[in-house]
Amino acid sequence: MPSESLTSMENGAAADTAAAIRNYVRANMTALRDVDLRDDDNFFEKGFVTSIFAMQMLDFIESTFGIEVPDDRITLQNFSSIDSMTRMVGELKHAAGE
Amino acid sequence: MPDATAPEGNRTVKMAKCVVWDLDDTLWHGTLSAGDHVTLKPGVLDLIRTLDSRGILLSIASKNNHDDAMRKLEELGVAEYFLYPQINWNSKSSSVSEIQKRLNIGLDTFVFVDDQPFERDEVAFALPEVETVDAADYLTLDALPRLSPPVVTEDARRRRLMYLEDERRSESELAYQGPREDFLRSLGMVFRISRAGGDDLLRLEELTKRTSQLNSTGIHYSHEQLETLMHDPGHDLWVCELTDRYGSYGKIGMALVAKGQDRWTIKMLLMSCRTVSKGVGTVLLAFLIKRATAAEKRLFADFRRTSRNRQMLLTYQLANFRVVSKDGDDHVYENDLTVSQDYPDYIKVEVNA
């Protein structure tokens, strides 16, 4: 069924996006190296996130996924977990017609 | 080009920051690749030294064999004055673009000097923001208002050296494998925040004019205005200096805070573009957030979006400042002070309040 296959394609893309973001976070955030981090964990509740890291994530997301995050999406909240970043990337790609 | 760095009533000629030279029959007499015995044109050496001492950066776009031309520049004793010389067979406009990327300054701050009308036209066509000058007029360069800053600060005099230090930094950054935080830690950065003193005002005035990417409003402040603000008990004027193991970046940032009864407003925040990858804008904001929290004030910030200051928008918004009102490009941010952030551990912050 077309709608189901579309959904699974979207799920697949989201899973890829989440994996790319997860790997980057693990490789670049020293404080998280030895921590068990779930996709819905909020970085700043865990006391890890810094604005500088959020900036680095923004840079990574824009260059990796070929999107430009518009001004009004640039909030600390949107960069607070792997889930929130994955969701944002999905929406921006969708809006760009991909 | 719309330029929010020059508000109404204050539109002056935009100062140039870099002069890019052709070599054959421009910097020197003769054509190197034709086997000529080339010599610097009369007055060129003085001109180079004068511009350099004013804090104007110099570079080269020349169609020549790179190694031969560099050897000749060494021999003539002028090689050290030129940053990122582009000596190759590419178009001059691509060379100027490359220099612009390396220096990370606006194209509209470039002056290009060449004896060939074709080359000047090619650059003017591809990069209309760049001012082109006929090499025949080279002796008038040091009198151009765009190349004659009214004051030359200590930071300006050291500008070329600071770029050379930056180059060594970025070489080690490229060679660094591993998380960026670890690299930043290896720099041993010290960030000093002090109240502005009389000696700082010329530099601060210069910063408000020269900075466009990491500038929250693009408003220019004159020496007199800054002096008044510095003495005004209703304002805090902060100046920042950054050093690391490669040397000092100089006075690279400022913040102006208007202190009302219950609310403080950051009227201006800026950082030199050379520090863009070091995250020090965030550190300065963290400092202001801590102070406002301790003083139990609400914290606001004025921001004017321009085509060039996205980096400053990121700095604010990712430091948890949110837009509370908006009028065209003018935003007012508020930080609800619920997320307090410590300074990153890879930078030592010294406060002299």
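This is a predicted model: local features need pLDDT of at least 70, side-chain atom pairs count only at pLDDT 80 or more; totals for chains, interfaces and linings use all residues.
At what angle do the axes of helix α8 and helix α9 of chain B cross?

Let's start with chain A. Chain A has three helices and zero strands, and read from the N terminus its elements go α-α-α. There are 98 residues in chain A, and 26% of them count as buried. Now take the contacts in chain A with a separation of 6 or more: 61% of those come from residues 24 or more positions apart.

Next, how does chain A meet chain B? On one side we have 16 residues of chain A, and they are in contact with 15 residues of chain B. If you look at the chain A side, α1 (2-28) and α2 (51-65) each supply at least two residues. The most comes from α2(A), which gives six residues. By class, that side of chain A has nine nonpolar, six polar and one charged residue.

Now over to chain B.

Let's zoom in on a pair of helices. In general, two packed helices are described by the angle between their axes and the distance between the axes. Here the pair is α3 (residues 92-103) and α4 (residues 117-126) of chain B, with an angle of about 55° and axes 8 Å apart. That angle makes α3(B) oblique to α4(B). The crossing of α3(B) and α4(B) is right-handed. Which residues make the contact between α3(B) and α4(B)? From α3(B) they are B:Lys92, B:Ser93 and B:Val96, and from α4(B) they are B:Glu119, B:Glu122, B:Val123 and B:Ala126. Sorted by class, this contact has three nonpolar residues, one polar and three charged.

And now back to my opening question. Helix α8 (residues 201-210) and helix α9 (residues 223-231) of chain B have axes that cross at roughly 120° and come within 9 Å. So α8(B) and α9(B) are oblique to each other. Their crossing is right-handed. If you'd like to find the place on your screen, look for B:Leu201, B:Leu202, B:Leu204 and B:Glu205 in α8(B), which meet B:His223, B:Leu226, B:Glu227 and B:Met230 in α9(B). The classes in this contact are five nonpolar, one polar and two charged.

Let me turn to the backbone for a moment. Most residues other than glycine have a negative phi. With that in mind, have a look at B:Tyr84, which is not a glycine and has a positive phi of about 45°. You'll find B:Tyr84 in the loop between α2 (66-75) and β5 (86-87) of chain B. B:Tyr84 has 18 C-beta neighbours inside 10 Å, so it counts as partly exposed. Another residue to look up is B:Asn320, with a positive phi near 70°. B:Asn320 sits in the loop between α11 (310-317) and β13 (321-327) of chain B. Is B:Asn320 buried or exposed? B:Asn320 is buried, because 23 other C-beta atoms lie within 10 Å.

B:Glu154 belongs to helix α5 (residues 154-157) of chain B. With 12 C-beta neighbours inside 10 Å, B:Glu154 counts as exposed. The C-alpha atoms of B:Glu154 and B:Asp200 are separated by 9.9 Å, and these residues are 46 residues apart along the chain.

The last stop is B:Ser194, in strand β8 (residues 189-195) of chain B. B:Ser194 counts as partly exposed, with 16 C-beta neighbours inside 10 Å. Leaving out residues up to four places away in sequence, B:Ser194 touches B:Val239 and B:Asn352. From B:Ser194 to B:Gly106, 88 residues apart along the chain, the C-alpha atoms are separated by 29 Å.

Key:
Residues are numbered from 1 along each chain as its sequence is written. Chains are lettered from A and ligands numbered from 1 in the order in which they are written. Helices (H or I, at least four residues) and strands (E, at least two) are DSSP runs, numbered from the N terminus. A residue is buried if 20 or more other C-beta atoms lie within 10 Å of its own, exposed if 12 or fewer, and partly exposed in between; C-beta atoms are placed from the backbone. Two residues are in contact if their C-beta atoms, placed from the backbone, lie within 7 Å. Ala, Val, Leu, Ile, Met, Phe, Trp, Tyr, Cys and Pro count as nonpolar, Asp, Glu, Lys and Arg as charged, and the others, Gly among them, as polar. Axes are lines fitted to C-alpha atoms, for helices over the stretch in contact, and angles run from 0 to 180 degrees between N-to-C directions. Angles under 35 degrees count as roughly parallel, over 145 as roughly antiparallel, 65 to 115 as roughly perpendicular and the rest as oblique. A crossing is left-handed if the near helix is turned anticlockwise from the far one by less than a right angle, and right-handed if clockwise.
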